[in-house]
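Me: I would like to learn how to read a structure feature by feature. Please take me through one example.

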Amino acid sequence: MDWRELIRWERMPHILCPGCGNGTILNVLVRALAEKFEEGELDPDKTVLVSGIGCSSRLPGYVKLDSLHTTHGRPIAFATGLKLANPELEVIVVTGNGDAAAIGGNHLIHAARRNLDITVICSNNYVYGMTGGQASPTTPQGAKSTTTPYGNPEPPFDLCELVMGAGAPHVERWTTAHPHQLKQAIHRALEREGFSFIDVLSQCPTNYGRRNDMRSPREMLEWLRENTSTEDEPGKIRIGVLRDEERKPFHERVYELVEEVSGDEEGG
Amino acid sequence: MAEEYTVRIDESLCKGCFLCVWVCPADALQESDRRNERGYRLPEYVGGCRGCRQCELICPDLAIEVKEGGEE
């Protein structure tokens, strides 16, 4: 399948700002999905995109697949229902740092703990971009935002460590300056059974960059490239495959239990 | 000699962020002074594409296509 068939062209150009990292994520996501459909590994009629509220959560609206645009912070809660009601579905959650880590933080850790078989792509641009650039749980310490004009006094969440601590079996971190690696990461995440989490460090030039001496998208991408490493280097953010293990997914355990319990009733 | 690749830019989709110019290792894309109908300055293909497709993949507006086989 050509990726162009997956875009709702009547809605393009999208509403995202010039140089928005979410655009790159949309670009990479539709290409990865088109390749998976072409290979016959996924069925477009059984692939669902779920998102919450925020700039990143608008992405499924541009993709010609079934999707749920849910309430703020709740895409993983809706995805849990989808996956348990119909385990045949490939459920992909597109969310942001505010959606996934703040208001939806509990859904995130509990989906990781249960090992819900979904893929979560989190566009982590350090602020609440849509509402004007307020600080979020991933805003770096010292960074400026509309709600931290003198610098953020709080330490940020490391989302990958958070979900790994909660038991997520497949966790990767990439940036929008690594689109090719990000595409491969989405491929892997779609192949894995269980909870896959991809933390995508992304740029919001409009509401983060311009308050932190990186007015242009290029400066932000240079920052992402220079301050990340696929090896453990002091002072740099670790990117790459952080964990890749196997664990029985939640829906399998639930359906096995249902069978076991209903079998007992019939037998007794 | 005909070029092996060419870069096509959908000018109606472009928002002039110039990430394509930044990412290109062959300097095959450059900023121009032309603008599209919405007022965004456009990049232009100046030749020399080696087909790495990084511009295609990084473009936040899905406006770039790397075509094999040079200028049509």
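Me: In chain A, what share of the contacts with a separation of 6 or more comes from residues 24 or more positions apart?

Reply: This is a predicted model. Among the contacts of chain A with a separation of 6 or more, 67% are between residues 24 or more positions apart. For chain B, 62% of the contacts between residues at least 6 apart in sequence join residues at least 24 apart.

Me: Which secondary structure elements does chain A have, and how many?

Reply: Chain A has eight helices and eleven strands. Its radius of gyration is 19 Å, close to the 18 Å of the globule rule for 268 residues, so chain A is as compact as a globular protein of that length. Along the principal axes, the C-alpha trace of chain A spans about 70 × 40 × 35 Å. As for burial, 46% of the 268 residues of chain A count as buried.

Me: How should I read chain B, and in what pattern do its elements follow along the sequence?

Reply: Start with the count, then take the order. Chain B has two helices and four strands, and they run β-α-β-β-α-β along the sequence. The radius of gyration of chain B is 11 Å, close to the 11 Å that the globule rule gives for 72 residues, so this chain is as compact as a globular protein of that length. Its C-alpha atoms fill a box of roughly 35 × 20 × 15 Å along the principal axes. Buried residues amount to 33% of the 72 in chain B.

Me: In which sense do strands E2 and E3 of chain B pair, parallel or antiparallel?

Reply: Strand E2 (residues 29–35) of chain B pairs with strand E3 (residues 41–45) of chain B in the antiparallel sense, over four bridges.

Me: What should I look for in the backbone angles?

Reply: Most residues other than glycine have a negative phi, and most peptide bonds are trans. The exceptions are what to look for.

Me: Where is Phe18(B), and is it buried or exposed?

Reply: Phe18(B) is in the loop between strand E1 (5–9) and H1 of chain B. Its phi is near 60°, a positive value in a residue other than glycine. Phe18(B) counts as buried because it has 20 C-beta neighbours inside 10 Å.

Me: Where does Arg53(B) lie?

Reply: Arg53(B) lies in the loop between E3 and H2 of chain B. The phi of Arg53(B) is near 65°, again positive in a residue other than glycine. With 16 C-beta neighbours inside 10 Å, Arg53(B) counts as partly exposed.

Me: Is the peptide bond from Met12(A) to Pro13(A) cis or trans?

Reply: The bond from Met12(A) to Pro13(A) is cis, with omega near -5°. Pro13(A) is placed in the segment before helix H1 (21–39) of chain A.

Me: Last, the interface. How many residues of each chain are in contact?

Reply: Count both sides, then ask which elements and which kinds of residue contribute. Here 14 residues of chain B are in contact with 16 residues of chain A. On the side of chain B that touches chain A, the elements giving two or more residues are helix H1 (19–23) and helix H2 (54–58) of chain B. The residues on that side of chain B divide into eleven nonpolar, one polar and two charged.

Notes. Residues are numbered from 1 along each chain as its sequence is written. Chains are lettered from A and ligands numbered from 1 in the order in which they are written. This is a predicted model: local features need pLDDT of at least 70, side-chain atom pairs count only at pLDDT 80 or more; totals for chains, interfaces and linings use all residues. Two residues are in contact if their C-beta atoms, placed from the backbone, lie within 7 Å. Ala, Val, Leu, Ile, Met, Phe, Trp, Tyr, Cys and Pro count as nonpolar, Asp, Glu, Lys and Arg as charged, and the others, Gly among them, as polar. The radius of gyration is taken over C-alpha atoms; the globule rule is 2.2 Å times the number of residues to the power 0.38. A residue is buried if 20 or more other C-beta atoms lie within 10 Å of its own, exposed if 12 or fewer, and partly exposed in between; C-beta atoms are placed from the backbone. Two strands pair if DSSP finds at least two bridges between them.
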